[in-house]
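Please have the sequence and the structure in view as I speak.

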Amino acid sequence: MSQPRQSRALVIVNTDFCSSDSDVVFGTRRGAKREAEKLSNVLSRLNYKVKLMHNKTAKEIEDLYQQECCCEHGEYFVSVISSHGKEGVIFGCDSEPVKLTRIFQILSSEKGLVLTKIPKIFFIQVTQLLDDNLIPLLLSLCRIRLAQAEAVTAGAVLQASQETRKLVRGEGKAGGSSRQLFCPQACRGAEFDQGVVVECDSGEPEPDCFSDYLSIPPQTVVMFACSPGYVAFLNVFGSMFLQALLKVLEGEERHLALNRLMTRINWEVAFCCQARGTYEGCKEMPCFVTNLLQEIFPFSAPIAEEAEGV
């Protein structure tokens, strides 16, 4: 009896960025490489055949997905992208852009007929350092909204960023809390999420704001580190989002159906992660989009023991 084909995972992490004339364009993404290595290790232990790629150019990123179209695939395909970027775009280590729509187009091509038939799962952490000129303005906004948040009674249900997202605010700084200190990097925007009711009057969305949602291939789920227009957070240990993913994959929650697993990641980031210091009280809220037609359990395999010395 033949063994089923092994599912594949492609993890791309860019940490250092230079232009064609070797000028440093973006800041170094400290903590991102170590985080990606941990995720790759966990996916391997969940019986995925993992390809971990570090500091790839825009052209090389496209080529990697072209190569995946020609591979033999198992039941699922998982891809983690961690890089600088902006709404609908990721940057290669050469600081050249790759549109998410281009990646989705590659995976929908005739060359990737196998991939079109299996569930494809993306976890996307794209960050861009905040413009220095924006920081004073954003800090003022941050302080105003934090003052609003302090007026809300402890334990009250708050509406955050979107009407459908609610958070429960704990009282003060909980002792022994698992919350971590994170520094902000703009991910898909420059707004800070304070976990309070806000009016969306900061500007009109770009005309193609949802093009990366509408263009996802059939049988696909895409999870982003935060909602459009808001910042994500990163520290030397990694990002709020991918750290939460790592925690879920290592725990019993990995046995959940994918939509419930992603909702659990939302909860983990919303409740257990909060900025400290300059950006005290700022929150983050991931979001995901899917066109799957059935429940799937892509991470429910028994997790293999970690090899000694890893």
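Let me begin with a question: among contacts in the protein between residues at least 6 apart in sequence, what percentage join residues at least 24 apart? The figure is 79%. Please keep in mind that this is a predicted model. The protein has 310 residues, and 50% of them count as buried. Its secondary structure comprises eight helices and 15 strands.

I turn now to the helices, and to how they pack. Two packed helices are described by the angle between their axes and by the distance between those axes.

Consider α7, which spans residues 240-250, and α1, which spans residues 32-45. Their axes are 10 Å apart, and the packing angle is about 25°. Because angles under 35 degrees count as roughly parallel, α1 is described as roughly parallel to α7. The crossing of α1 past α7 is left-handed. On the α1 side, the contact is made by E35, K38, L39, V42 and L43, while α7 contributes L242, Q243, L245, L246, L249 and E250. By class, these residues divide into seven nonpolar, one polar and three charged.

Helix α7 also packs against α8, which covers residues 258-272. Here the angle is about 125°, with the axes 9 Å apart. The two helices are therefore oblique to each other. In this case α7 passes α8 in a right-handed crossing. Which residues of α7 meet α8? They are M240, F241, A244, L245, K247 and V248, and their partners in α8 are L261, R264, I265, E268 and V269. This contact of α7 with α8 has eight nonpolar residues, no polar ones and three charged ones.

From α2, the residues I61, E62, Y65, Q66 and C69 meet R102, I103, I106 and L107 of α3. The classes in the contact of α2 with α3 are six nonpolar, one polar and two charged.

Next, a strand pair. In a regular strand, side chains alternate between the two faces of the sheet. Strand β13, residues 232-235, can be examined with this in mind: A232 and L234 point one way, whereas F233 and N235 point the other way. Are these four residues of β13 buried or exposed? All of them are buried. Strand β13 runs antiparallel to β14, residues 238-239, and two bridges join the strands. Within this pairing, L234 stands opposite S239. Together β13 and β14 form a hairpin, with two residues between them.

Finally, I would draw your attention to two residues in loops. N47 is found between α1 and β2, and its phi is near 75°, a positive value in a residue other than glycine. S95 lies in the loop between β4 and β5. S95 is likewise not a glycine, and its phi is positive, at about 70°. With a relative accessible area of 13%, S95 is buried, because the cut-off for that term is under 20%.

Thank you for your attention.

Methods:
Residues are numbered from 1 along each chain as its sequence is written. This is a predicted model: local features need pLDDT of at least 70, side-chain atom pairs count only at pLDDT 80 or more; totals for chains, interfaces and linings use all residues. Side-chain values use heavy atoms; hydrogens and water are left out. Buried means under 20% relative accessible area, exposed over 50%, partly exposed in between (1.4 Å probe, protein chains only). Two strands pair if DSSP finds at least two bridges between them. Contact means heavy atoms within 4.5 Å. Ala, Val, Leu, Ile, Met, Phe, Trp, Tyr, Cys and Pro count as nonpolar, Asp, Glu, Lys and Arg as charged, and the others, Gly among them, as polar. Axes are lines fitted to C-alpha atoms, for helices over the stretch in contact, and angles run from 0 to 180 degrees between N-to-C directions. Angles under 35 degrees count as roughly parallel, over 145 as roughly antiparallel, 65 to 115 as roughly perpendicular and the rest as oblique. A crossing is left-handed if the near helix is turned anticlockwise from the far one by less than a right angle, and right-handed if clockwise.
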